[in-house]
Amino acid sequence: MRRWEMLARAARGAGCLGSLQASGCAPRRASSGLPRNTVVLFVPQQEAWVVERMGRFHRILEPGLNILIPVLDRIRYVQSLKEIVINVPEQSAVTLDNVTLQIDGVLYLRIMDPYKASYGVEDPEYAVTQLAQTTMRSELGKLSLDKVFRERESLNASIVDAINQAADCWGIRCLRYEIKDIHVPPRVKESMQMQVEAERRKRATVLESEGTRESAINVAEGKKQAQILASEAEKAEQINQAAGEASAVLAKAKAKAEAIRILAAALTQHNGDSAASLTVAEQYVSAFSKLAKDSNTILLPSNPGDVTSMVAQAMGVYGALTKAPAPGAPHSVSSGSSRDVQSTDASLDEELDRVKLS
């Protein structure tokens, strides 16, 4: 008998909840669905039975064995202490930027005080559902469309806080609220898609420009390093070349000095003047053979075929140089040397005149 009553009460409760979701109206409590006073009662776990004695609240039966007085005591309300899940019907709401949305959700709540839930409100579940809908519209009106999608969790938390503040006197606590679906108008959806595509194109353009910039920076840095390395290589090459030229000049100077010392030593030996005359004659012949090869303007002596006179003049100059006075000594020129120099100057003047006339 007891089991049949519990099944019947559950079926009636399911039917009332289904009619609530279908019509949106508050369900009526059927007094025939309440347990009868059979003196000895067994209260199931996670249920609270509110007992009235002669029409006045008496006590709340705890789970387990309970004994009531017939006729005087009556079970007035049965409250479930389990977590209850309620579907909030879909409704329209206007955001801060005047966009109409269709939104629904799921509400999770629990009865914390059976006395307040029984006497504080006629139907606590229906009252909480209506409060969730009004609170949802109020909170959505404070946010723009973009923030509704970004701040979904904060929106849920705000709705829960608002419901708990209002439902505290009903003995009900809202555990959480979850938004299921948000439907936007088709035109708004198209605008959002266009905005997303534009944002993606913008990001692609920015990334491409950043890549181009990084590439240009890398190329410029590579050219800079290449120029630095090339300049350092050129500098090292010039330093090595200068060092080589300096070493060559020094070697040539040393070789020339050694040659001069050897030549001076050779001239002081027997027949040194004859050897010098032979060398001068050879150089004269060699120079005479190269006349008019490098330039068409040449300067010739009065008797170019007379090698002996040229050698004699060269040896006379050499003799005059070797007989030059030391630094600090009185300057004196012999009559023979002056005549040789005068004859040489006269011959040079004649040659210059001949060149001008030609």
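Residues are numbered from 1 along each chain as its sequence is written. In this predicted model, local features need pLDDT of at least 70, side-chain atom pairs count only at pLDDT 80 or more, and totals for chains, interfaces and linings use all residues, while side-chain values use heavy atoms, with hydrogens and water left out.

Student: How many helices and strands does the secondary structure of the protein chain come to?

Tutor: Helices (H or I, at least four residues) and strands (E, at least two) are DSSP runs, numbered from the N terminus. By that definition, the protein chain has nine helices and eight strands.

Student: Which residue of β7 is the bridge partner of Val-94?

Tutor: Strand β7 (residues 100-111) runs antiparallel to β6, and nine bridges join them. Val-85 has Tyr-108 as its bridge partner in β7. For Val-94, the bridge partner is Thr-100.

Student: Which residue of β8 is the bridge partner of Leu-109?

Tutor: β7 and β8 run antiparallel and are joined by 10 bridges. The bridge partner of Leu-109 in β8 is Cys-174.

Student: Why do the buried residues of α5 line one face of the helix?

Tutor: Buried means under 20% relative accessible area, exposed over 50%, and partly exposed in between (1.4 Å probe, protein chains only). The buried residues of α5 are Leu-155, Asn-156, Ile-159, Val-160, Ile-163, Asn-164 and Ala-167. The arc is that of the directions from the helix axis to the C-beta atoms. Seen down the axis of α5, the buried residues line one face because they fall within an arc of 165°.

Student: Is Thr-135 buried or exposed?

Tutor: Thr-135 is found in helix α3. Leaving aside neighbours within four places in sequence, Thr-135 is in contact with Ile-159, Ala-162 and Ile-163. Its relative accessible area is 9%, so Thr-135 is buried.

Student: What is the phi of Asn-98?

Tutor: Most residues other than glycine have a negative phi. Asn-98 lies in the loop between β6 and β7, and is exposed, with a relative accessible area of 66%. Although Asn-98 is not a glycine, its phi is positive, at about 60°.

Student: Where is Val-71 found?

Tutor: Val-71 is a residue other than glycine with a positive phi, near 70°. At 83% relative accessibility, Val-71 counts as exposed. It is found in the loop between β4 (64-67) and β5 (73-80).

Methods:
Two strands pair if DSSP finds at least two bridges between them. Contact means heavy atoms within 4.5 Å.
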